[in-house]
Amino acid sequence: MDEPPPPPSQDSDTSEESQWLDIEPDTENISVASLFDAQTFPTLPEMLEHCKQQHNFDLRANLRRLQLDFFGAVKLVNYIRHHVQNNSALPKQILPEDIEDERYLKPVLENDAVIFSLDEILESLGNLDTADAPASELLARNKSLEAELESIRESFANYRLTVEQTLDQRWGVDDGPTTPLQSKKKDSSGYYFESYAAQEIHETMLKDSVRTDAYRDFIYENKHIFKNKVVLDLGCGTGILSMFCAKAGATCVIAVDKSDIIDKARENIFNNDLSEIITCVKGGIEDVALPVKEVDIIVSEWMGYCLLYEAMLPSVLYARDKYLKPDGLLVPSSATLWIAPVKDEAYLSEHISYWRDVYGFDMKAMQERIYDEVRVEAMPKSSLCGEPFPFKVLDLYSTRPEDLSFTADWSAAVGDEITSFHGFLVWFDNFFSPSRTNSLPEASTTPAAFRAAFPGNVAFTTGPDGAETHWKQGLLLSTPEQLSQNIPASRRLAGKVAFSVHSDNARALSLRVTWSTEHGGSSQDWELK
């Protein structure tokens with residue numbers, strides 16, 4: 001029989017073990033670079049202590065003092081490294097406005113271990129905030145939180161009151177003002193700016209090729225005007241117009257918006273490597289301080305339904321008077337409002353008569369306020385039963401805020417085959433001129449004629465004879481008593497059209513149209529809320 005093999009020798013075990021011990025451990029040596037000099041440290045705490053002892057700078061204390069989030073902390077680190085790299089002195093105390101620039105999001109050092117450790121630092125600060133903060137700071141913070149809570153409570157109370165009023169009006173039990181809040185003019189600015197924080201509204205506007213192409217074409221076809229210029233983009237939204245201007249050669253673009261969409265604009269600008277050119281500023285133009293004294297160009301997409309709905313134009317006029325250079329440009333430069341009588345039996349059948357017989361039921365309750373409110377519709381050109389009339393031209397270089405409430409004459413010839421009409425249609429044309437001296441077209445000038453009149457001109461219409469835009473047109477339907485009105489024997493309708501700010505909503509509109517009839521005059525009011 002074969003003998004069993006001998007047990008392994010002690011020498012063999014020792015040899016094998018020594019081979020394993022010779023292998024280097026699989027660990028990574030981390031090197032933390034000092035914020036202020038060329039020294040490096042094996043751990044972050046050692047580096048932070050070095051900065052405190054040798055350079056009298058406490059990173060943790062500054063993060064706590066400035067109340068920075070992660071991105072703010074990144075900016076602070078890169079702000080310090082940028083100054084040290086360029087041998088420029090840091091201020092005695094770093095302020096929030098010192099680190100606002102988006103370029104400080106870009107790391108100065110590749111694989112900066114300090115930035116990689118910021119989450120850990122900020123988390124530790126969160127645990128120490130109340131313990132380390134002085135009593136005065138805690139009292140101030142508590143006061144701020146109480147004020148914020150009171151603001152939220154007031155907003156909720158106003159919201160609840162608005163809902164109650166709406167329901168009371170709908171069910172016919174509105175007994176008039178019952179609280180001081182009801183007697184106050186409704187401030188819709190909060191809701192207005194909140195609505196522009198939603199993605200859907202910006203998607204709709206960006207996909208409106210008539211709108212967006214007009215701005216892009218004007219900016220790109222007039223790059224010589226934007227080259228090396230300072231531009232203000234008022235109501236910047238997603239930042240698309242700001243990025244057009246930057247690509248056209250502007251050296252500085254200031255993008256301003258009061259809505260939270262400014263945060264998305266800042267990301268869009270950063271992701272397209274334009275942060276060194278475009279600066280985002282959150283707030284109303286009347287409230288913020290721009291980083292420049294004056295600008296060469298103001299670009300803004302301020303138009304609303306029937307042109308003046310949403311009341312953004314006064315902010316553009318404010319910016320014009322405060323920041324635009326005497327020879328500066330406004331984009332767009334002017335706008336023209338049009339009105340025409342309409343007659344559309346198919347529309348009445350589908351949207352009015354329809355409710356009188358819905359699967360055999362009379363649902364006339366659904367017609368509530370159908371004759372009191374401006375309906376935003378894309379109407380076919382065939383619905384016009386008279387000549388369009390340009391009743392108002394706004395020259396943005398000379399228009400004043402008080403000019404936005406007005407009464408203007410209008411008239412329209414009606415064809416012999418037309419015997420009645422159903423209401424009116426209102427729309428606007430927009431004009432972009434690279435020259436102040438050639439910026440104002442005649443009232444009846446069409447966009448096509450304006451584009452052909454001067455190199456670099458751009459224009460578009462929101463009317464029924466052009467491509468549909470998200471503005472569509474404003475349809476003003478006559479009341480049942482006035483529907484199918486007789487046309488005067490003169491075959492001409494004439495009267496006045498008035499625009500004014502709505503009585504209880506500063507961003508809404510009230511419209512009134514008067515016109516001649518076979519039996520005299522008639523008038524009607526509509527709301528656009």
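Here is a short note on a helix pair and some salt bridges in this predicted model.

1. Before you start: residues are numbered from 1 along each chain as its sequence is written. In this predicted model, local features need pLDDT of at least 70 and side-chain atom pairs count only at pLDDT 80 or more, while totals for chains, interfaces and linings use all residues, and side-chain values use heavy atoms, leaving out hydrogens and water.

2. Take a look at helix α10 (residues 209-221) and helix α12 (residues 240-247), whose axes lie 9 Å apart at an angle of about 20°. That makes the two roughly parallel (a term for angles under 35 degrees). Helices here are DSSP runs of H or I with at least four residues, and axes are lines fitted to C-alpha atoms over the stretch in contact, with angles running from 0 to 180 degrees between N-to-C directions.

3. On the α10 side, T212, Y215, R216, I219 and Y220 make the contact, meeting L241, F244, C245 and K247 of α12 (contact means heavy atoms within 4.5 Å).

4. R216 also forms a salt bridge with D213, with 3.8 Å between the closest N and O atoms (a salt bridge is a side-chain nitrogen of Lys or Arg within 4 Å of a carboxyl oxygen of Asp or Glu). Both residues sit in α10, three residues apart.

5. Another salt bridge joins R320 and D321 at 2.8 Å, N to O. R320 is buried at 10% relative accessible area, whereas D321 is exposed at 56% (buried is under 20%, exposed over 50%, partly exposed in between, with a 1.4 Å probe and protein chains only).

6. The structure holds 22 salt bridges, and a network of them links K75, E102, D263 and R266.

Note on methods: Parallel < 35°, antiparallel > 145°, perpendicular 65-115°, else oblique.
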